[in-house]
Amino acid sequence: MRLVRKTNPKRWAEKIRRHAERVAEHRSASSVVFLVELIACTVVPLPNALILVAMVTAAPRKWLRFALNATAGSLVGGLLLYAVSRLLFESLGQRLIAFYGVTERWQEAVAWVQGGWGLAIIFVAAMTTGFFRLTSLAAGFTAINPLAFAAVLAASRGVRWVAECAAIKFVGDRFRTWPKHYLKYAAIGAGLIVIALFLAVTLSA
């Protein structure tokens with residue numbers, strides 16, 4: 001029973017929230033957001049949404065700074081995965097695929113990225129951490145244009161984090177009672193709207 005209490009998800013979530021609130025006002029808070037996102041994208045999944053809810057609620061004036069630093073962390077992480085898959089696939093890339101538990105989906109992801117809608121798929125997939133890793137590795141493996149990949153990745157993650165942090169800022173404390181996956185769905189919805197607007201402008205030109 002004592003072990004169950006120690007590993008209770010709600011207790012850990014509350015601890016994370018309290019620590020994040022204390023960090024929010026520190027001058028290095030933005031760097032913490034960058035590092036958390038970088039680690040979450042490349043090593044192990046971290047509760048980014050929970051951390052940002054606490055930090056933006058505690059320091060709402062920093063919401064855009066937090067969003068941009070989270071985007072920068074995502075971009076660096078994605079480019080690292082791209083480089084690993086492009087240059088070190090045999091020695092390290094395959095190990096990462098196994099480590100992330102996406103071996104069964106690997107060939108499917110490569111086929112997606114190689115298709116005519118590769119960049120659009122990367123844009124949507126990058127909204128979530130799991131598919132973000134998978135498509136970043138697939139982009140490097142298929143040698144997709146690195147500049148185009150970086151631009152799409154920055155746009156995708158930027159839409160996600162700006163949408164989430166803006167929503168947290170304007171909704172405030174009420175966000176703490178909402179299921180955290182609402183953030184992801186809202187960001188994906190915003191991303192799809194961006195794609196729809198882009199297609200509308202392109203097709204009408």
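This is a predicted model: local features need pLDDT of at least 70, side-chain atom pairs count only at pLDDT 80 or more; totals for chains, interfaces and linings use all residues.
Rings of Phe, Tyr and Trp, the last represented by its six-membered ring, form an aromatic pair if their centres lie within 6.5 Å.

**First selection: the aromatic cluster.** Select Phe89, Trp106 and Phe141, which together form one aromatic cluster. The structure as a whole holds five aromatic pairs. In the pair made by phenylalanine 89 and phenylalanine 141, the ring centres are 4.7 Å apart and the planes stand at 50°, so the pair is tilted. This pair joins distant parts of the chain, since phenylalanine 89 belongs to helix α6 (residues 89–100) and phenylalanine 141 to helix α9, 52 residues apart. Colouring by accessibility separates the two partners: phenylalanine 89 counts as buried at 12% relative accessibility, whereas phenylalanine 141 is partly exposed, with a relative accessible area of 38%.

Is each of them buried or exposed? Phenylalanine 99 counts as exposed at 52% relative accessibility, while tyrosine 100 is buried, its relative accessible area being 15%.

Move to the loop between α3 (29–42) and α4 (48–58), where valine 44 lies. Valine 44 counts as partly exposed, at 35% relative accessibility. Display its surroundings: leaving aside neighbours within four places in sequence, valine 44 is in contact with Ile39, Phe99 and Arg133. A C-alpha to C-alpha distance drawn from valine 44 to tyrosine 100 reads 8.6 Å, although the two are 56 residues apart in sequence.

Two packed helices are described by the angle between their axes and the distance between the axes. Show helix α5 (residues 63–87) together with helix α9 (residues 129–141): their axes come within 7 Å and cross at roughly 45°. That angle makes α5 oblique to α9. The crossing in which α5 passes α9 is right-handed.

To view the contact itself, display the side of each helix in turn. From α5, select Ser74, Gly77, Gly78, Leu81, Tyr82, Ser85 and Arg86. From α9, select Phe132, Arg133, Ser136, Leu137, Ala139, Gly140 and Phe141. Coloured by class, the contact of α5 with α9 shows six nonpolar, six polar and two charged residues.

Terms used:
Residues are numbered from 1 along each chain as its sequence is written. Side-chain values use heavy atoms; hydrogens and water are left out. Axes are lines fitted to C-alpha atoms, for helices over the stretch in contact, and angles run from 0 to 180 degrees between N-to-C directions. Helices (H or I, at least four residues) and strands (E, at least two) are DSSP runs, numbered from the N terminus. Angles under 35 degrees count as roughly parallel, over 145 as roughly antiparallel, 65 to 115 as roughly perpendicular and the rest as oblique. A crossing is left-handed if the near helix is turned anticlockwise from the far one by less than a right angle, and right-handed if clockwise. Contact means heavy atoms within 4.5 Å. Ala, Val, Leu, Ile, Met, Phe, Trp, Tyr, Cys and Pro count as nonpolar, Asp, Glu, Lys and Arg as charged, and the others, Gly among them, as polar. Rings of Phe, Tyr and Trp (its six-membered ring) pair if their centres lie within 6.5 Å; planes under 30 degrees apart count as stacked, over 60 as edge-to-face and the rest as tilted. Buried means under 20% relative accessible area, exposed over 50%, partly exposed in between (1.4 Å probe, protein chains only).
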